[in-house]
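Hello,

Here is the structure I said I would pass on. My notes follow below it.

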Amino acid sequence: MKVTRVQQAQVIPLDRAERQRKPAQEGPPVEPTPLRPPPAEEPVTGLRGAVADALGFARRRLSGDYTVDQFGFDPELTDAVLLPPLRAVYRKWFRVEVTGAENLPASGGALVVSNHSGTLPWDALMTAVAVKDNRDRYLRMLGADLVFQTPLLGALARKSGQTLACNPDAEHLLRSGELVGVWPEGFKGVGKPFADRYKLQRFGRGGFVSAALRTGVPIVPCSIVGAEEIYPKIADLKPLARLLGLPYFPITPFFPLLGPLGLIPLPSKWHIHFGPPVSTEEHTAAEDDPAVVFALTDQIRETIQQTLYRMLNQRGNPFLG
């Protein structure tokens, strides 16, 4: 039988093996190539981005993947559907100029109190756009009963963050840190004749002041110039208004003479000014004191009235600015 002899392999210690190894080539050490992260996906813009956003919005609406608060406010619907057409009117038609936006708090509750005019309440809608575009906050507007009793309009008002003009709703929103908007002149202000333009009507019983006092939030006076010229009201058909259940039925130089075309507002140049906030902290225990409530109400009204006069003196042509 043939026997194969296997020589025992020579075992070299590791440190000695390293000393015997010669470098393959002389020169500086080669730096390892760093690993590069995969390129980030660029956001889709333009028409493709708009289509993708629209499809995503429709998918969320159909699946119910969106939220509303207890008042029915739908922020996603407001941003995607309701604000864009209002913003076009705000920028291109009324060419709204805003001053004093820094007087609106960046966070926390506050009550925005404004004059009311224009036959139809475009001023409230434009103020909401001004707040959103200049402070990136939603203005939770307080509306009259008629708004929420009107089919479709009431539902849209709820979706956009409006609620009934009553103290419990106002106080709840203010305590939740919301910006709340109120127009204390009501229908007396928005429906006054053109001859009384920029003359403030009575501010009701001061309910808005009571809400601010109970919640301890500041009051921000807001003065709007430009809204009085959009529908110059020259007469009021009271019998027809009563028949239709409306506070007034306006007659303007173009409505109802031109029919639906008469409902297009005239393109006046607007200026919205937010004044310095009025603190209510020193009166927090006086929310039920009529003297304090009326005094603060008159102070806010007089501040807005004097600001309107000053803005009018500085204004040129109502339609050219």
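Predicted model: local features only at pLDDT ≥ 70, side-chain atom pairs only at ≥ 80, totals over all residues.

How do the residues of the lining of the second largest pocket divide into nonpolar, polar and charged? They divide into three nonpolar, four polar and three charged. Here Ala, Val, Leu, Ile, Met, Phe, Trp, Tyr, Cys and Pro count as nonpolar, Asp, Glu, Lys and Arg as charged, and the others, Gly among them, as polar. The volume of this pocket is about 180 Å³. Residues are numbered from 1 along each chain as its sequence is written, and side-chain values use heavy atoms, with hydrogens and water left out.

**Cavity**

The structure holds one cavity of 30 Å³ or more. The largest cavity contains about 40 Å³ of space. Its lining is made up of Gly118, Thr119, Val190, Lys192, Pro193, Phe194, Glu228, Tyr231, Pro232 and Lys233, which divide into five nonpolar, two polar and three charged residues. On a 1 Å grid over the protein atoms alone, a cavity is a set of points where a 1.4 Å probe fits but cannot get out; a pocket is an open set with protein on both sides within 12 Å along at least five of seven lines; lining residues have an atom within 4 Å of a point. Grid points are joined across faces, edges and corners, and a volume is the space filled by probe spheres set on the points.

**Sheet**

An open sheet of seven strands runs in the order S1-S9-S6-S2-S5-S3-S4, with mixed pairing. Its edge strands, each pairing on one side only, are S1 (97-99) and S4. Helix H11 (residues 290-314) packs on the sheet and touches S2, S6 and S9 (271-274), its direction making about 35 degrees with that of S6. Helices (H or I, at least four residues) and strands (E, at least two) are DSSP runs, numbered from the N terminus; two strands pair if DSSP finds at least two bridges between them. Contact means heavy atoms within 4.5 Å. Axes are lines fitted to C-alpha atoms, for helices over the stretch in contact, and angles run from 0 to 180 degrees between N-to-C directions.

S2 (residues 110-114) is largely enclosed by the rest of the structure, because five of its five residues are buried (under 20% relative accessible area, with exposed over 50% and partly exposed in between; 1.4 Å probe, protein chains only). Ala110, Val112 and Ser114 point one way from S2, and Leu111 and Val113 the other way. S2 pairs in the parallel sense with S5 (residues 179-182) over four bridges, and Val112 stands opposite Gly181 there. With S6 (residues 219-225), S2 also pairs in the parallel sense over four bridges; Leu111 has Ile219 as its bridge partner. S3 and S4 run parallel and are joined by two bridges, with Gly143 partnered by Leu164 in S4.

In H7 (residues 167-175), the buried residues are Asp169, Ala170, Glu171, Leu173 and Leu174. Their cover includes S2, S3 (139-143), S4 (163-164), S5 and helix H9 (207-215).

Lys132 lies in H4 (residues 122-135). Lys132 counts as buried because its relative accessibility is 14%. Leaving aside residues up to four places away in sequence, Lys132 touches Asp79, Leu83, Arg87, Arg137 and Tyr138.

Regards
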